[in-house]
Amino acid sequence: MWRPPQKIKWKPQTGHWPSREQAAGARLFSPVQCGPLRLATRTWIPAMVPWRATEDGFVTEDNIEWYARFAAGKPGAIVIEATGIRDVPSGPLLRIGHDRFIPGLRKIVDAVREASQGETRLLIQIIDFLSIRKRPEPQRFFERFLRITDQHRAALKMQDAPEEQVRQRLMTLDTAELADVLTRREMEDLRMGARERVTDVHLPHIEELPRVLPDLFATAGRRAREAGFDGIELHYAHAYTMASFLSAVNQRGDGYGGSLEGRARLPLEVYQSVRAAVGQDYALGCRFLADECIPGGSTVEDAAYFGLAFARAGMDFLSLSRGGKFDDAQQPDIGWSAYPYTGPSGYECMPHATSDEKGPFGRNFDPSAHIRAAIRADGLHTPVVVTGGVHNFDQAEQLLADDRADVIGFARQSLADPDWFTKVRCGQGDKVMLCSYTNYCEALDEKHEVVTCKHWDRLNLDEPGIRKTPDGRRRLIPAAWTPEVSA
């Protein structure tokens with residue numbers, strides 16, 4: 001993963017932990033309305049992919065136990081991991097592209113309700129993504145994947161040579177020579193692995209995305225409601241299809257790119273289609289980027305436009321992230337796919353304890369506040385979920401007190417300690433296990449290994465009945481926590 005050159009070491013701060021009485025009167029633990037959905041507190045666990053589903057997208061007991069463990073801490077809301085809307089192979093990621101996935105998803109809903117005693121609301125994040133291939137062996141790329149064209153022949157002065165000779169000649173060229181023969185896109189396919197873009201309108205299935213996606217999302221939305229989820233978060237963030245339509249690098253010429261209005265067109269059409277499927281009495285919002293953090297990408301001003309458009313359309317909440325793009329990802333090893341959290345934009349999404357002068361805490365606070373202010377200036381009161389390195393009570397409470405957020409998202413901190421919310425509410429914040437922001441969890445995610453936290457995954461490994469990783473070296477959820485009772 002990319003790191004800022006300054007290499008300044010930062011540590012999380014405990015801040016002031018409130019007493020039980022202070023917590024009871026805190027803004028953070030007050031209710032908030034997200035359209036038809038009422039949250040008991042303004043605490044929110046954003047979607048995180050734990051790599052616990054089956055290879056064909058079904059819910060496992062590990063998925064159920066994972067979300068139940070988070071729910072035991074009684075946050076106001078949990079958003080379960082990005083769940084694919086297509087009925088296509090996608091590895092150990094949850095899917096909702098067919099009715100056969102509904103029973104398993106319903107088990108997660110039931111487990112969360114039981115573990116939180118009905119307090120935590122459960123939403124599902126639904127996502128579409130385009131094809132991405134692993135970085136190939138160069139020989140394999142030239143032998144199998146590269147389509148030989150007249151341009152290649154002309155550059156090599158091999159117009160009449162058999163195709164096999166052209167391929168063999170390409171294999172002998174060094175990087176500088178290849179750059180003079182291959183197109184920029186072909187060079188990227190060789191260096192990074194082939195990746196589809198929403199601008200590849202020469203491909204029929206990419207050209208027709210605006211006609212196909214609204215119904216796919218709507219059908220997934222119907223299944224989510226049938227499974228019992230309290231709401232849906234449309235995934236319009238990071239490196240995936242819907243975020244790519246919003247991106248400033250989307251220059252499609254069919255009305256679904258270029259201008260701000262054109263880039264927002266499909267996300268709004270998807271929203272309207274899902275809204276028609278689930279009804280006005282069901283919570284529906286989205287997660288999108290406050291800033292793409294890439295050269296030529298969407299800025300916070302673009303995001304303010306999108307946020308206002310989404311709020312005007314009737315979304316019930318807006319959750320804000322930043323960065324996490326393929327555009328500046330680091331080159332993967334051969335046999336691995338590009339990972340969108342390895343470049344500078346990925347750093348902005350998941351900053352490290354080794355950072356620059358800004359540090360890893362709160363890099364998204366100011367952009368999020370700017371977007372929220374634009375929505376409020378229009379007379380709209382759509383709740384805005386703010387995330388990004390929140391780990392102590394003072395940070396969260398101050399964001400709410402300053403009218404810069406409506407709900408506070410705790411991602412890595414809740415992974416480090418799913419009992420954060422209970423500990424703080426009962427006046428035992430000093431027992432919180434603070435995230436150290438070393439991105440141990442992110443490194444596991446990059447390798448597609450089951451995600452855990454270094455603060456608890458090697459503790460009490462001999463505890464009877466616990467689930468462990470396949471190698472038996474890590475536990476899959478932290479041990480249960482019981483509040484101390486005053487004498």
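Me: After which helix does the segment that holds Asn460 come?

Reply: The model is a predicted one, and the position of Asn460 is given here relative to its secondary structure elements. Asn460 belongs to a segment that follows a helix spanning 440–446, and that helix is α19.

Me: Is Asn460 buried, partly exposed or exposed?

Reply: The backbone at Asn460 has a positive phi of about 50°, although the residue is not a glycine. For the side of accessibility, the limits that matter are under 20% for buried and over 50% for exposed. Because the relative accessibility of Asn460 is 46%, the residue counts as partly exposed.

Me: Between which two elements is the loop in which Asp403 lies?

Reply: Asp403 is not a glycine, yet it has a positive phi, of about 60°. The loop that holds Asp403 has a helix, 393–401, on one side and a strand, 407–409, on the other. Those two elements are α16 and β12.

Me: How do the axes of α2 and α3 run relative to each other, roughly parallel or roughly antiparallel?

Reply: Two packed helices are described by the angle between their axes and by the distance between the axes. For α2 (residues 61–71) and α3 (residues 102–115) the angle is about 30° and the axes are 8 Å apart. An angle under 35 degrees counts as roughly parallel, so the relation of α2 to α3 is roughly parallel.

Me: How many nonpolar, polar and charged residues does the contact of α2 with α3 have?

Reply: The two helices pass each other in a right-handed crossing. On the α2 side the contact is made by Asn63, Ile64, Tyr67, Ala68 and Ala71, which meet Lys107, Ile108, Ala111, Val112 and Ala115 of α3. Sorted by class, the residues of this contact are eight nonpolar, one polar and one charged.

Me: Which residues does Ile108 touch, not counting residues up to four places away in sequence?

Reply: Ile108 is part of helix α3, and, because its relative accessibility is 0%, it counts as buried. Leu289, 181 residues away in sequence, has its C-alpha 28 Å from that of Ile108. With residues up to four places away left out, the residues that Ile108 touches are Val59, Asn63, Ile64, Tyr67, Ile80, Leu94 and Leu122.

Me: How many nonpolar, polar and charged residues are there in the contact of α12 with α13?

Reply: Helix α12 (residues 260–278) packs on helix α13 (residues 300–313) at an angle of about 35°, with 10 Å between the axes, and their crossing is right-handed. From α12 the contact takes in Leu260, Glu261, Arg263, Ala264, Pro267, Leu268, Tyr271 and Gln272, while α13 supplies Asp302, Tyr305, Phe306, Ala309, Phe310 and Ala313. By class these divide into 10 nonpolar, one polar and three charged.

Me: Is the pair of Phe141 and Phe142 stacked, tilted or edge-to-face?

Reply: By the rule applied to ring centres, the count of aromatic pairs comes to 14. Phe141 and Phe142, both of them buried, have ring centres 5.2 Å apart and ring planes at 75°. Planes over 60 degrees apart count as edge-to-face, so the pair is edge-to-face.

Me: What distance separates the C-alpha atoms of Arg144 and Asp402?

Reply: Arg144 sits in helix α4 (residues 138–145), and, because its relative accessibility is 55%, it counts as exposed. Arg144 and Asp402 are 258 residues apart along the chain, and the separation of their C-alpha atoms is 58 Å.

Me: How far apart in space are Ala329 and Met192, C-alpha to C-alpha?

Reply: Ala329 lies in the loop between β9 (318–321) and α14 (344–349), and its relative accessibility of 12% makes it count as buried. Leaving aside neighbours within four places in sequence, its contacts are Met192, Tyr339, Pro340, Thr342 and Gly343. Although Ala329 and Met192 are 137 residues apart in sequence, their C-alpha to C-alpha distance is 9.0 Å.

Notes
Residues are numbered from 1 along each chain as its sequence is written. This is a predicted model: local features need pLDDT of at least 70, side-chain atom pairs count only at pLDDT 80 or more; totals for chains, interfaces and linings use all residues. Side-chain values use heavy atoms; hydrogens and water are left out. Axes are lines fitted to C-alpha atoms, for helices over the stretch in contact, and angles run from 0 to 180 degrees between N-to-C directions. Helices (H or I, at least four residues) and strands (E, at least two) are DSSP runs, numbered from the N terminus. Angles under 35 degrees count as roughly parallel, over 145 as roughly antiparallel, 65 to 115 as roughly perpendicular and the rest as oblique. A crossing is left-handed if the near helix is turned anticlockwise from the far one by less than a right angle, and right-handed if clockwise. Contact means heavy atoms within 4.5 Å. Ala, Val, Leu, Ile, Met, Phe, Trp, Tyr, Cys and Pro count as nonpolar, Asp, Glu, Lys and Arg as charged, and the others, Gly among them, as polar. Rings of Phe, Tyr and Trp (its six-membered ring) pair if their centres lie within 6.5 Å; planes under 30 degrees apart count as stacked, over 60 as edge-to-face and the rest as tilted. Buried means under 20% relative accessible area, exposed over 50%, partly exposed in between (1.4 Å probe, protein chains only).
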